[in-house]
Amino acid sequence: MRRSVVVPILACVLALPLASQASERSKAEAMVKEGIAFLKANGKEAFIAEVHKPDGSTMTMAIAVEGENVVAYATNGTNNEAYFFGTQKDGQMELMSMYAAEVKASFDGSNINGEMAMNDEGATVQKFAATRVEAPAGMYTAARGNSRATWIVRPNNTTVGVMDN
């Protein structure tokens with residue numbers, strides 16, 4: 001199963017450089033469409049929320065739920081990000097980042113409502129409401145060597161993310 005998920009995602013990532021070559025554009029578009037169709041049919045449930053902070057800034061959060069396992073990623077798109085890992089049971093989620101940021105939320109099968117506490121100095125707890133989204137909306141990560149990029153595709157196809165070199 002893992003391999004069958006990795007292949008369409010790899011197809012999407014590898015198709016992007018091909019798109020710059022006019023003769024390969026149709027092949028790249030077909031690969032991307034195939035990957036999106038696979039994710040829609042077999043992907044994890046995905047949810048996205050815009051988390052508005054008191055200072056007027058916004059963090060975008062994507063949450064993936066597969067059975068009891070939950071992964072979330074939040075970023076402001078410039079200099080702040082966090083990965084959260086945990087589980088959900090009986091509609092309750094408790095997720096933690098490796099730097100002690102946390103998410104506590106309730107999950108009704110359609111929506112996720114909760115609070116996010118980043119570990120930044122002076123940070124306050126922020127409430128959020130995440131709604132279910134369809135692929136290609138969701139979270140994505142690509143890595144090569146010592147570089148990693150993680151981004152969120154919103155339902156309107158805009159993206160936000162951070163690259164770490």
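From the N terminus on, the protein chain runs α-α-β-β-β-β-β-β-β-β-β-β-β. That order comprises two helices and eleven strands, taken as DSSP runs numbered from the N terminus (helices H or I, at least four residues; strands E, at least two). The model is predicted, so local features need pLDDT of at least 70 and side-chain atom pairs pLDDT 80 or more, while totals for chains, interfaces and linings use all residues. Residues are numbered from 1 along each chain as its sequence is written, and side-chain values use heavy atoms, without hydrogens and water.

**Whole chain**
- Of 165 residues, 36% are buried, meaning under 20% relative accessible area with a 1.4 Å probe, protein chains only.
- The accessible surface (Shrake-Rupley, 1.4 Å probe) is about 10,000 Å², with 53% belonging to carbon and sulfur atoms.
- Contact means heavy atoms within 4.5 Å. Of the contacts between residues at least 6 apart in sequence, 34% join residues at least 24 apart.

**Nonpolar cores**
- A nonpolar core is a set of buried Ala, Val, Leu, Ile, Met, Phe, Trp, Tyr and Cys residues joined through side-chain atoms within 4.5 Å.
- The largest holds 23 residues; Ile63, Phe84, Ile112, Met116 and Phe128 touch the most other members.
- Elements giving two or more residues to this core include strand 1 (45-52), strand 4 (81-89) and strand 8 (126-133).
- Strand 2 gives the most, with four residues.
- Another core lies apart, with nine residues, among them Tyr73, Val133, Ala137 and Val160.

**Met116**
- Beyond its neighbours within four places in sequence, Met116 is in contact with residues including Val51, Met59, Ala74, Phe84, Glu102, Gln126 and Phe128.

Note on methods:
Buried means under 20% relative accessible area, exposed over 50%, partly exposed in between (1.4 Å probe, protein chains only).
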